[in-house]
Amino acid sequence: IKQHVFHEDIQVRLLLFRVLTALVETMGNEVKRALLAEMPNLFGPWVAGTGDMDHSVREAAKKALNTTFKEPAKLYKAVSRFKNEMKRFFEFQLDEAFKGGSTLTDDVIDPRSNVCCCALNGLGFVAAKLAGQLSSSSSSSTAATPPSAAVIEDIDFILDEICTPLLASGD
């Protein structure tokens with residue numbers, strides 16, 4: 001995932017997430033355990049895919065994520081556990097994207113534009129999922145539901161520690 005999430009060919013990116021979904025659906029818990037071992041390296045690129053400029057890639061990445069983390073509480077745990085790795089991934093990718101110093105084009109052809117789009121839209125997708133977790137945790141209190149304060153803390157982390165500096169680095 002990490003090597004191909006920003007591949008210039010949309011079909012490569014699309015296939016990446018379709019294969020991931022198929023693996024999780026057909027292999028189930030066995031594949032999920034293997035993915036979990038690699039999740040510190042995979043979670044940032046996976047979230048990036050959910051913000052891809054191409055609609056079909058974006059939807060395939062969301063489907064793969066939702067298939068793997070069927071229960072919102074499990075996605076919350078992944079975000080909470082891997083948020084620092086996710087932050088480092090996006091910082092590195094954006095630093096690389098802005099090394100050239102030239103202006104970005106608002107175009108799928110400019111891979112640097114897609115990196116920026118993936119970062120902000122992907123993080124927004126995760127923040128929205130966490131906000132959805134807040135509303136579901138207020139209507140039901142189960143042992144699997146994370147405390148609201150912890151979810152708010154992770155949303156704040158995404159917005160304050162990742163998104164705000166990313167936006168500032170684009171100046």
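These are my notebook entries on a predicted model of one protein chain.

**Entry 1: ground rules**

The model is predicted, so I note its limits: local features need pLDDT of at least 70, side-chain atom pairs count only at pLDDT 80 or more, and totals for chains, interfaces and linings use all residues. Residues are numbered from 1 along each chain as its sequence is written, and side-chain values use heavy atoms, with hydrogens and water left out.

**Entry 2: the overall count**

I looked up the helices and strands first. Both are DSSP runs, numbered from the N terminus: helices are H or I with at least four residues, strands are E with at least two. The chain has six helices and zero strands. Read from the N terminus, the order is α-α-α-α-α-α.

Next I checked burial. Buried means under 20% relative accessible area, exposed means over 50%, and partly exposed is in between (1.4 Å probe, protein chains only). Of the 171 residues in the chain, 44% are buried.

**Entry 3: helix α2**

How far apart are the end C-alpha atoms of α2? I found 22 Å for this helix of 21 residues, which spans 29-49. A straight helix would reach 30 Å at 1.5 Å a residue. The expected span is 1.5 Å times one less than the number of residues.

Then I looked for a bend. The bend at a residue is the angle between axes fitted to the seven residues ending there and the seven starting there. α2 bends by about 85° at methionine 39. A proline, proline 40, follows within four residues.

I also listed the buried residues of α2. They include Val31, Leu35, Met39 and Leu42. Phe43, Gly44, Pro45, Trp46, Val47, Ala48 and Gly49 are buried too.

**Entry 4: aromatic pairs**

I wrote down the rule before counting. Rings of Phe, Tyr and Trp (its six-membered ring) pair if their centres lie within 6.5 Å; planes under 30 degrees apart count as stacked, over 60 as edge-to-face and the rest as tilted. By this rule I get five aromatic pairs.

Phenylalanine 43 and phenylalanine 69 have ring centres 6.2 Å apart and planes at 85°, so this pair is edge-to-face. Phenylalanine 43 is in helix α2, and phenylalanine 69 is in the loop between α3 (55-68) and α4 (72-97), so the pair ties together parts that are 26 residues apart in sequence. Phenylalanine 43 has 1% relative accessibility, so it counts as buried. Phenylalanine 69 is buried as well, at 12%.

Tryptophan 46 also pairs with phenylalanine 69. Their centres are 6.1 Å apart, with 50° between the planes, and the pair is tilted. It links helix α2 to the loop between α3 and α4, across 23 residues. Tryptophan 46 is buried, with a relative accessible area of 0%.

Which residues do ring pairs link into a cluster? They are Phe43, Trp46, Phe69 and Phe82.

**Entry 5: helix α4**

Phe82 took me to α4. A kink of about 65° is centred on phenylalanine 82. α4 has 26 residues, and its end C-alpha atoms are only 32 Å apart.

Serine 80 is in α4 and is partly exposed at 26%. Its C-alpha atom is 9.5 Å from that of phenylalanine 157, 77 residues apart along the chain. Glutamate 91 and alanine 119 are 28 residues apart in sequence, but 9.1 Å apart from C-alpha to C-alpha.

**Entry 6: helix α5**

Leucine 123 is in helix α5 (residues 111-139). Is leucine 123 buried or exposed? It is buried, with a relative accessible area of 0%. Leucine 123 and isoleucine 155 are 32 residues apart in sequence, with C-alpha atoms 9.5 Å apart.

**Entry 7: helix packing**

Two packed helices are described by the angle between their axes and the distance between the axes. Axes are lines fitted to C-alpha atoms, for helices over the stretch in contact, and angles run from 0 to 180 degrees between N-to-C directions. Angles under 35 degrees count as roughly parallel, over 145 as roughly antiparallel, 65 to 115 as roughly perpendicular and the rest as oblique.

Helix α1 (residues 10-27) packs with α3 at about 20°, with axes 9 Å apart. That makes α1 roughly parallel to α3. The axes of α2 and α3 come within 12 Å and cross at roughly 150°. That makes α2 roughly antiparallel to α3.
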